[in-house]
Amino acid sequence: MSDRGRLDLIATRIAARAPRPEGDSSVITRRADPRRSPLSPQQLAAWRHQRDHPDSTLNNLPLRLTVPGPVDVAKLFAAVRELGVRHEILQTTYRVVDGVPVSTVNDTLEPRCEVVRLGNPPPADRSRVVDDAIRSRAREPFALDAEAPLRVTVFELEDGPTEVLLLFHHIVWDSGTFAVVTAELDLLYAGAVPPPQTLHYGDFTAHLDDRRHLQRDLDYWTNRLTPPPRLPFRPLGARQPLPLTGDRHDRSITASLRNGLTACARRHATSKFVAFTAALATVLGRILPVEEVTVGVLTSRREHPATADAVGDFSNLLTLRIAATGDLDRVVGAVEREFRNALAHSSTHYETLSEQLPQLGNASAPAAFDIIVVFIEGDLTGPTLGHPTTTWARADNGGIQFPMVPLAIEVFLRERDPQIQFTYSPSLVDRDLVLAIADALETTEGRQP
């Protein structure tokens with residue numbers, strides 16, 4: 001494979017939308033017990049958080065669909081129920097059995113589906129009424145031991161588009177899941193039948209050997225992150241409760257910002273993700289008293305081809321340690337080397353590594369980094385429900401980003417309405433600092449050496 005081809009694969013992997021470059025040719029079969037399976041490291045992190053904070057909605061993933069025409073509610077709810085039957089993880093609850101958390105499939109468990117009629121509010125109030133209704137549902141916590149990890153709510157107005165909220169719990173979700181749900185929900189809504197699902201998330205969990213490369217990966221991360229550099233965000237006081245609520249600032253990506261990213265990536269024959277992360281590091285180095293930063297990134301563990309059609313969380317966290325001083329072009333090269341080395345030591349999940357390295361925290365509250373970057377390039381389509389111009393957005397659930405870090409930066413570099421979303425804990429990060437980072441990023445990527 002050419003260097004350019006590898007870079008393209010790396011760029012898509014960071015968006016958790018493609019298998020790892022090396023692939024996986026092993027044989028996976030149905031697990032011995034089709035009703036139960038152990039939790040994956042990803043699931044364990046989400047489950048532990050919900051156990052310790054049962055009222056938390058930090059793991060709620062709310063997807064808001066704006067449908068420009070009528071929605072056949074009966075067909076939609078039937079499609080959702082069939083989606084749950086096809087993917088047993090959507091019929092799964094999580095409980096402790098003999099001191100060990102396990103997942104249990106319940107054939108009679110269905111996603112909660114409901115209709116909320118909003119009437120015909122005055123035009124001046126319409127947007128607020130809809131936003132408030134969606135936010136209210138998005139903030140309802142899940143009971144993982146008793147209910148399905150998916151809820152669907154249709155919000156009906158007497159005059160105007162139909163809003164649909166798909167609310168997933170992160171214990172079943174990653175970006176690859178979005179593609180599966182999008183394709184199958186639209187097929188089922190149209191009355192078509194997708195190909196049968198033969199393998200499920202629990203089968204991959206049973207097959208997973210998360211400790212096969214543990215020592216090799218452990219040696220690398222011990223050397224790289226002992227100790228990890230920290231950003232000067234406000235520290236938690238000894239008696240201050242763990243922050244579970246947050247604010248969000250959305251910023252449109254300007255033409256100059258997009259062009260600057262493209263020019264920087266082309267100049268270094270690298271990905272726009274690498275260019276953006278390097279720009280972020282230089283910005284932090286200019287506006288904060290730091291010489292190094294650590295940035296968390298999400299990657300995909302969908303190594304096996306069969307995972308392409310599976311619903312579940314196959315993500316992993318990697319930590320990039322980056323020098324925050326010097327010109328942008330030098331930092332770009334450093335980020336690319338750091339990312340390649342991190343990928344080469346990504347066979348072990350962050351949660352598993354944290355058992356041996358307490359300085360990492362854990363996957364639901366990582367301590368190795370203060371900022372997480374999610375970078376998705378290109379148009380990521382969502383369910384259309386029979387209307388090609390249906391749009392989607394990640395609704396605001398009032399929480400900080402999963403995993404629990406002071407500042408999350410999500411880049412949606414799409415053709416229409418490209419955006420950067422900054423989600424942060426106001427108890428740890430000043431809003432003025434978030435705005436300063438956003439302002440500085442707009443002028444950084446295009447700088448020449």
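Guide: Let's start with a term: a residue is buried under 20% relative accessible area, exposed over 50%, and partly exposed in between (1.4 Å probe, protein chains only). Arg251 is a case of a buried residue, with a relative accessible area of 16%. Before we go on, this is a predicted model, where local features need pLDDT of at least 70, side-chain atom pairs count only at pLDDT 80 or more, and totals for chains, interfaces and linings use all residues. Residues are numbered from 1 along each chain as its sequence is written, and side-chain values use heavy atoms, with hydrogens and water left out.

Visitor: Which residue does Arg251 meet in a salt bridge?

Guide: A salt bridge is a side-chain nitrogen of Lys or Arg within 4 Å of a carboxyl oxygen of Asp or Glu. Here the partner of Arg251 is Asp439, at 3.0 Å from N to O. Asp439 sits in helix H12 (residues 431-444) and Arg251 in strand S8 (residues 247-252), so this pair ties together parts that are 188 residues apart in sequence. Helices (H or I, at least four residues) and strands (E, at least two) are DSSP runs, numbered from the N terminus. Asp439 has 43% relative accessibility and counts as partly exposed.

Visitor: How many salt bridges does the structure hold?

Guide: There are 33. Take Glu114 and Arg137, whose closest N and O atoms are 2.8 Å apart. Glu114 belongs to strand S5 (residues 112-119) and Arg137 to helix H4 (residues 123-138), so they link parts 23 residues apart in sequence. Another pair is Arg151 with Glu140, at 3.9 Å from N to O. Arg151 is buried at 4% relative accessibility, while Glu140 is partly exposed at 24%.

Visitor: Which residues do shared partners join into one network?

Guide: That network of salt bridges takes in Arg112, Glu114, Arg137, Glu140, Glu147 and Arg151.

Visitor: How do I read two packed helices?

Guide: Two packed helices are described by the angle between their axes and the distance between the axes. Axes are lines fitted to C-alpha atoms, for helices over the stretch in contact, and angles run from 0 to 180 degrees between N-to-C directions. Helix H9 (residues 272-287) and H10 pack at about 120°, with axes 8 Å apart. That makes H9 oblique to H10, given that angles under 35 degrees count as roughly parallel, over 145 as roughly antiparallel, 65 to 115 as roughly perpendicular and the rest as oblique. Contact means heavy atoms within 4.5 Å, and residues making this one include Phe273 and Val274 of H9 and Leu328 and Val331 of H10.

Visitor: Which residues of helix H7 are buried?

Guide: In H7 (residues 214-224) they are Leu214, Asp217, Leu218, Tyr220 and Trp221. They cover an arc of only 165° around the axis, which puts them on the same side of H7; the arc is that of the directions from the helix axis to the C-beta atoms. These buried residues pack against strand S10 (315-323), helix H10 (328-344) and helix H11 (350-356).

Visitor: Is Leu225 buried or exposed?

Guide: Leu225 is buried, with a relative accessible area of 1%, and lies in the loop between H7 and S8. Leaving aside its neighbours within four places in sequence, Leu225 touches Thr294, Thr319, Arg321, Gln359, Leu360 and Ala368.
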